[in-house]
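Here's a quick briefing on the structure below. It starts with the cavities and then moves on to the sheets.

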Amino acid sequence: MKYHHHGYVSHDPRIQAPAGAGIDRPEELPDHVDVLIVGAGPAGMITAAQLSQFPDVVTRIIDRRTGRLEVGLADGLQPRSIETFEAFGFAQQLIAEACVVTETVFWKADPDKPADIVRVSRVAEDPHDVSEYPHLTVNQARVLDYFAECMARAPTRMTPDYGYEFQGLTVADTGDHPVTVRLTRVGDASGRERIVRARYVVGADGGRSGVRKSLGLALRGVSSNHAWGVMDLLADTDFPDVRIKCAIQSEAGNILLIPREGGFLFRLYVDLGEVSAHDGGAVRNMPLEQIVARAQRIFHPYRLDVREVAWHSVYEVGHRLCDHFDDAPQTGTERRTPRVFITGDAAHTHSAKAGQGMNASMQDGFNLGWKLGHVLEGRSPVELLSTYSAERQQIGRDLIDQDLRWATQMAKSAEAFASHAEFEQAYLRITEFAQGFMTQYGPSMITAPATHQALASGYPIGKRFRSAEVMRVADVYRRHLGHEARADGRWRIYVFADAARAGEDSPVAALGRWLDESPESPIRGYTPAGRDADAWFDLKLIYQQDYTAVDIGRVPKAFLPRVGAHGLIDLENVYAALADQDIFRLRGIDRQGAIVIVRPDQYVANVLALTATDELAGFIRTFAGRQQ
């Protein structure tokens with residue numbers, strides 16, 4: 001963490017100084033805002049947390065609840081989400097209080113005693129080591145708490161506005177605040193409406209989204225007519241793997257067991273079997289006692305004495321998706337950039353067992369938040385906002401396809417598989433996708449074609465930037481390169497040097513001069529006058545040599561920006577490869593060097609040669625507005 005550059009700091013350095021909308025922030029919801037977010041669930045809160053880093057953007061987030069969430073429905077956090085939390089600064093705190101899931105154990109009916117279950121195999125949760133972060137389970141409410149803390153500490157001092165119910169919206173063709181939103185106060189018997197006018201609205205208000213309905217959009221898809229009971233419980237049990245994730249197939253049905261945080265709580269997804277197409281939702285009224293009894297039969301011969309149920313529900317597996325995630329016209333001759341967006345369950349729903357509801361929803365919000373901030377601050381053209389629906393709707397479709405496979409596999413009886421190994425392999429294939437690492441955005445104004453992909457084969461364009469360890473030269477501190485990036489709305493430009501040493505005439509030296517001097521460089525042409533050189537583009541330089549061979553005094557000064565009120569030199573942007581974990585080898589980076597450009601939401605946008613300054617300038621022009 002970097003601080004003191006604006007002067008000595010003795011308080012908690014995570015608390016940023018108020019600025020812009022955070023100075024004398026009104027307690028009451030104002031009549032006019034830049035962004036109004038409807039719904040303070042995972043999708044809405046991460047969008048708000050990202051926008052809280054844009055001081056000049058007036059953002060408010062409302063929710064019909066009268067206070068913080070206390071009982072979270074979602075509980076599984078995939079490694080991609082933990083990577084995202086690192087950018088927001090709370091990954092390590094969350095890991096410390098969560099349950100870490102490292103293995104999945106498979107149980108099936110005992111061939112000799114079919115009424116009993118036996119353990120048959122186990123697999124690592126991340127057998128290919130695709131992330132340094134684990135799979136976690138923790139109460140969703142705690143995730144929202146951490147995002148709320150981020151918002152409160154940000155320059156905008158944002159906090160949720162609880163107790164507002166969304167009633168509807170209209171979008172005008174013109175005006176500075178074209179979206180008119182109608183709200184009522186929860187508990188106000190008069191029904192008196194409150195009007196808020198916004199430049200943009202984000203509907204993060206769940207599967208029954210009022211924002212989505214106001215736009216005339218609909219979730220389309222299928223229901224499997226298969227019901228599951230889910231419950232979080234405390235129980236006296238002799239089942240030996242109660243603290244390990246388990247997939248259980250028995251003659252009495254199937255269970256997915258998910259250990260929860262705190263050492264004692266666990267969740268059961270209990271297979272309730274097929275539901276008649278004419279059931280009309282009656283299965284959702286199944287008494288808790290029946291769900292518990294079915295679970296007890298599945299666990300036989302082990303004892304399951306339920307002492308407390310913290311929460312339970314019954315649901316039918318549904319897979320539904322909106323055709324598009326914004327209000328931009330899709331037919332006819334009208335052309336208009338979007339003003340209203342939907343995220344999370346408002347845009348896509350899937351089964352709970354694959355752990356994609358909260359995880360996918362947060363990636364929606366992370367994708368959208370920085371784009372709204374860039375457009376509203378004048379960093380990017382308004383056309384940037386059209387990339388949200390284009391990118392996330394396709395990912396939603398991919399998630400639905402994978403989730404259909406997952407739900408089908410979990411509902412099968414053991415006899416439906418040719419062997420237990422077939423079930424295990426099916427699970428592994430789906431798990432790799434569920435971890436969040438199969439997302440890949442296609443070419444657009446912010447994601448280039450893979451023309452020069454061979455220069456950094458381990459950083460596929462359109463996929464998330466995969467971290468690796470390096471040595472920070474200035475303080476000889478071994479760090480994960482990806483962990484240095486904050487959710488601050490900045491683009492990252494990682495320059496992987498050729499074999500030359502610092503100070504030698506080389507492509508890196510020439511690139512450094514161009515970055516420092518050319519009006520086409522992101523520093524000189526696209527960073528506002530009077531701001532720190534790294535205010536909008538964060539440059540990192542990684543050498544191939546051991547850190548002892550890097551003379552930081554001879555590093556190109558573009559990578560040693562002067563920052564803060566005193567113009568101090570920031571020495572912490574220069575790194576060296578490690579002998580035992582060489583990032584060049586691990587990520588397939590050409591020894592002639594490469595430039596890897598990464599979006600504010602951590603996805604690789606382009607890969608270029610060190611000498612490709614014209615291509616670099618041309619790519620930046622597609623999404624950035626000149627400031628100087």
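The largest cavity has 18 lining residues, and the ones nearest its centre are Phe-465, Gly-482, His-483, Ala-485 and Gln-602. Keep in mind that this is a predicted model, where local features need pLDDT of at least 70 and side-chain atom pairs count only at pLDDT 80 or more, while totals for chains, interfaces and linings use all residues. Residues are numbered from 1 along each chain as its sequence is written, and side-chain values use heavy atoms, with hydrogens and water left out.

**Cavities**

- A cavity here is a set of points, on a 1 Å grid over the protein atoms alone, where a 1.4 Å probe fits but cannot get out; a lining residue has an atom within 4 Å of a point.
- The largest cavity comes in at about 160 Å³, with volume taken as the space filled by probe spheres set on the points, and points joined across faces, edges and corners.
- By this rule there are five cavities of 30 Å³ or more.

**The seven-stranded sheet**

- Helices (H or I, at least four residues) and strands (E, at least two) are DSSP runs numbered from the N terminus, and two strands pair if DSSP finds at least two bridges between them.
- Seven strands make an open sheet with mixed pairing, in the order β20-β19-β25-β22-β21-β26-β27.
- At its edges sit β20 (477–480) and β27 (604–608), each pairing on one side only.
- On average, neighbouring strands of this sheet are turned by 30 degrees against each other, direction ignored (axes are lines fitted to C-alpha atoms, for helices over the stretch in contact, and angles run from 0 to 180 degrees between N-to-C directions).
- Four bridges pair β19 (469–472) with β20 in the antiparallel sense, and Arg-472 has Tyr-477 in β20 as its bridge partner.
- Helix α13 (613–623) lies across β21 (491–496), β22 (537–543), β26 (594–598) and β27, and runs at about 160 degrees to β27; contact means heavy atoms within 4.5 Å.

**The three-stranded sheet**

- Another open sheet has three strands in the order β3-β7-β4, with antiparallel pairing.
- Its edge strands, β3 (76–77) and β4 (99–101), each pair on one side only.
- Two bridges join β3 to β7 (135–137), and Leu-77 stands opposite Leu-136 in β7.

Technical notes: On a 1 Å grid over the protein atoms alone, a cavity is a set of points where a 1.4 Å probe fits but cannot get out, and a pocket is an open set with protein on both sides within 12 Å along at least five of seven lines; lining residues have an atom within 4 Å of a point.
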